[in-house]
Amino acid sequence: MTSSSNPTPYDPPRVWVWDQASGGRFANINRPIAGPTHDKELPRGQHPLQLYSLATPNGVKVTIMLEELLALGHKGAEYDAWLIRITEGDQFSSGFVSVNPNSKIPALLDCSGPTPIRVFESGCILLYLAEKFGAFISEDPVKRTECLSWLFWQMGSAPYLGGGFGHFYAYAPSKMEYPINRFTMEAKRLLDVLDQQLAQTPFLAGDDYTIADIACWPWFGNLLLYNQYSAAEFLQVETYLNAMRWAKDIQSRPAVLRGRKVNRVVGPEEDQLRERHDASDFDTKTQDKLTPKEQ
């Protein structure tokens, strides 16, 4: 790692004014205000759980969790997964904002009771589902607390991995040495934290697979196995042997293979299930479900 001063120093004004697009690849949807930009109701399907999402790491957490619950036989975990195209601003519709005022995917609406319950923030959704179905989190206070510690570790780590390293390494309009070095250091430190923990236990919270693993795998597993941000060589991910073992073990789970396909719009066509409304959707060619515009 080398160090250098910023070649184009920036002198911040006394008061920041929003007068131009900012954010590189995602500049068209970045804005400093909250609330809806247009009126549009969200669709509703027939199942108890209605998910509005996209197969980003945060979105994949929830579809994996739902598929894992269904694999355990929890019929109440049946769900409709509706595609939210964040690059087109679907998350700013009035319907979506009513479920998640923060306008971020994923958002869940639990319609199993007399009054629908909205749940937003991916970590909260995982915890809500774990408690609702009594799965993937221990009732033992020591094990439960360890699980929650790693769940919240992931929630706190994701901004450094995605919004920090991923943004400046892969998405920023130009490569800048200082932020890339800054967030690469943090990304590798987080990988080392993961690797050292997994040298002691098969899963993050101990011997059992929990929502801590379900939360962490879409971020760190994707980075380790699927070359997220095209950064595998740059980060030398193969050196994190324990984390790599963990990532491969979880990747082999059938529910994980299904969950990571839901609401996916990139990658090989066979890995994309734009919307999911029934378990049989996984057996139908995705191409048959695309609209002419999407084809």
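Ser-53 stands opposite Leu-83 in strand β2. Strand β1 (residues 49-53) and β2 run parallel and are joined by five bridges. α1 packs on the sheet and touches β1 and β2, its direction making about 150° with that of β1.

This is a predicted model, in which local features need pLDDT of at least 70, side-chain atom pairs count only at pLDDT 80 or more, and totals for chains, interfaces and linings use all residues. Residues are numbered from 1 along each chain as its sequence is written, and side-chain values use heavy atoms, with hydrogens and water left out.

Some terms come next. Helices (H or I, at least four residues) and strands (E, at least two) are DSSP runs, numbered from the N terminus. Two strands pair if DSSP finds at least two bridges between them. Contact means heavy atoms within 4.5 Å. Axes are lines fitted to C-alpha atoms, for helices over the stretch in contact, and angles run from 0 to 180 degrees between N-to-C directions.

**The sheet**

The sheet is open and has four strands in the order β2-β1-β3-β4, with mixed pairing. Its edge strands are β2 (79-83) and β4, each pairing on one side only. From one strand to the next, the twist averages 20°.

| Strand pair | Direction | Bridges |
|---|---|---|
| β1 and β2 | parallel | five |
| β3 and β4 | antiparallel | four |

Strand β3 covers residues 107-110 and strand β4 residues 117-120. The two form a hairpin with six residues between them. Leu-108 has Val-119 in β4 as its bridge partner. Helix α3 (residues 122-133) lies across β1, β3 and β4, and runs at about 130° to β4.

**A helix pair**

Helix α4 (residues 141-171) and helix α5 (residues 177-198) have axes that come within 9 Å and cross at roughly 150°. The two are therefore roughly antiparallel to each other (an angle over 145 degrees). Residues that meet include Trp-150, Trp-153 and Phe-165 in α4, and Phe-183, Leu-190 and Leu-194 in α5. The contact residues divide into 14 nonpolar, four polar and three charged. Here Ala, Val, Leu, Ile, Met, Phe, Trp, Tyr, Cys and Pro count as nonpolar, Asp, Glu, Lys and Arg as charged, and the others, Gly among them, as polar.

**Salt bridges**

The whole structure holds eight salt bridges (a side-chain nitrogen of Lys or Arg within 4 Å of a carboxyl oxygen of Asp or Glu). One joins the side chains of Arg-258 and Glu-67, at 3.0 Å from N to O. Arg-258 lies in helix α9 (residues 254-259) and Glu-67 in helix α1 (residues 57-71), so the pair ties together parts that are 191 residues apart in sequence.

How values were computed:
Parallel < 35°, antiparallel > 145°, perpendicular 65-115°, else oblique.
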